[in-house]
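Open the structure in your viewer and keep the selection tool at hand. The stops below each give something to select and say what is there.

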Amino acid sequence: MSALSSDFLRILTERGFIHQCTDTEALDARLNEGLLTAYIGFDCTASSLHVGSLLPIMMLRWLQKTGHKPIVLMGGGTTKVGDPSGKDESRQLLTAEKIGENMAGIKRVFEKYLSFGDARGDAMMVNNADWLDALNYIDFLRDYGPHFTINRMMTFDSVKLRLEREQPLTFLEFNYMILQAYDFAELGQRHNCVLQMGGSDQWGNIINGVELGRRVNNQQLFGLTAPLLTTASGAKMGKSAAGAIWLNDDMLGNFDFWQYWRNTEDADVGRFLRLFTELPMDEITRLETLQGAELNEAKKILANEVTALARGKGAAEAAAETARKTFEQGVLADDLPSIDVPLAELEEGIAAFALMTRAGLTQSNGEARRLIKGGGARLNDQAIKNETQDVTHADLGDGVLKLSAGKKRHALVRGV
């Protein structure tokens, strides 16, 4: 393949975003012809996206920064069906009201990454319920059903893996790939959108849309996927011991968000700097070669850059200062994650393992017990000696005590 000449594909390639593309040379040429419109779909299954969605969000951001038009497709319609891709079991069906609430929360994420408006290159946000809710099902099946064969649909991973694991795949979910393909064809007609992007688990769905657009609209469409990310140790992106790493600050505090990136594994620092920040490549190359304590400075830069994009520069600076006070000065910073506990409970005494879980430092009492056994749990910077130790009002200093899980995760407990 000849060298890429479009800024968008060149940047995505050198930063590690690209896994598959339907026709790289033709897409490269099309990008050079002028403004190109592309979309990524996001179903509304929660009131925030988590960091597992950051990679596609950054793809849309780079698309706009290189002079093209991003469409954020909200899955107000497809969320009613549920995408079986990568799922072992059916998703819980949500009410229309809950989907609407989730959509409102998700919209807040994109305001930080994209510029919306009415100008030619401004981002758009559309809802596929606008056309899916109005479908006449019989007519839809007659018009579009003949373009999909059961034989072909059975070869896609989203179907094949579920059946191999002997997990039920409902007929409702089986329709999902047809609806996603229809979304692409519809956006092609409505907005001259010619590129769909997504994670590599969406490849089959995207290919269906490319083929449908060619067959029913005689339109050349393109598909581009990014790799599904795991950390160097194999963990799935977007999860921590305390739960999902949400992008919205009402779902996860700024300090916890910053700290997630500060705790990046050494082997992931360079890769995450490429994918989740806009630092120049020569600066990233310098940072990823650092060793030992110096590499911790690179992790702080990663945390600052990602948090500034997702939460704002002020939030990043405040979180970094909280970390500095907590870890370098050993003081209690007011904006550490905190919970309130009635003084009456503390007078009776609360099992340390239970309080660790209550504070969000562990996901279960069993995990907290194991942490205490391993010497990794601390109360006011002193090791919790055994599983049966209680936390009482005597542990409060100025009405506050500090719990720690390992060296990097802390929470305040306030007696009220």
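Which residue forms a salt bridge with Lys65? Select Lys65 and Glu278: they form a salt bridge, and their closest N and O atoms are 3.8 Å apart. Lys65 lies in helix α3 and Glu278 in the loop between α13 and α14, so this pair ties together parts that are 213 residues apart in sequence. A salt bridge here is a side-chain nitrogen of Lys or Arg within 4 Å of a carboxyl oxygen of Asp or Glu. Helices (H or I, at least four residues) and strands (E, at least two) are DSSP runs, numbered from the N terminus.

Before going on, note that this is a predicted model, in which local features need pLDDT of at least 70 and side-chain atom pairs count only at pLDDT 80 or more, while totals for chains, interfaces and linings use all residues. Residues are numbered from 1 along each chain as its sequence is written, and side-chain values use heavy atoms, with hydrogens and water left out.

**Around Glu278**

Through shared partners, salt bridges join Arg61, Lys65 and Glu278 into one network.

Now show the surface. Buried means under 20% relative accessible area, exposed over 50%, and partly exposed in between (1.4 Å probe, protein chains only). Arg61 is buried, at 16%. Glu278 is partly exposed at 27%, and Lys65 is partly exposed at 47%.

**Asp266 and Lys299**

The structure holds 15 salt bridges; select another, between the side chains of Asp266 and Lys299, at 2.5 Å from N to O. Asp266 lies in the loop between α12 (254-262) and α13, and Lys299 in helix α15 (residues 292-311), so the pair ties together parts 33 residues apart in sequence. Lys299 is buried, with a relative accessible area of 4%.

Select residues 193-199, which make up strand β5. Is this strand mostly covered or uncovered? It is mostly covered: seven of its seven residues are buried. Two strands pair if DSSP finds at least two bridges between them. Strand β2 (residues 37-43) runs parallel to β5, joined by three bridges, and Tyr39 stands opposite Gln196 in β5. Five bridges join β5 to strand β6 (residues 222-226), again in parallel; there the bridge partner of Gln196 is Gly223.

**A sheet of five strands**

Next, select the open sheet with the order β9-β15-β14-β11-β12, where the pairing is mixed. β9 (338-341) and β12 (382-383) stand at the edges with a single partner strand each, so one side of each is left without a neighbour in the sheet. Strands β14 (residues 400-405) and β15 (residues 409-415) run antiparallel and are joined by six bridges. Val400 stands opposite Arg414 in β15.
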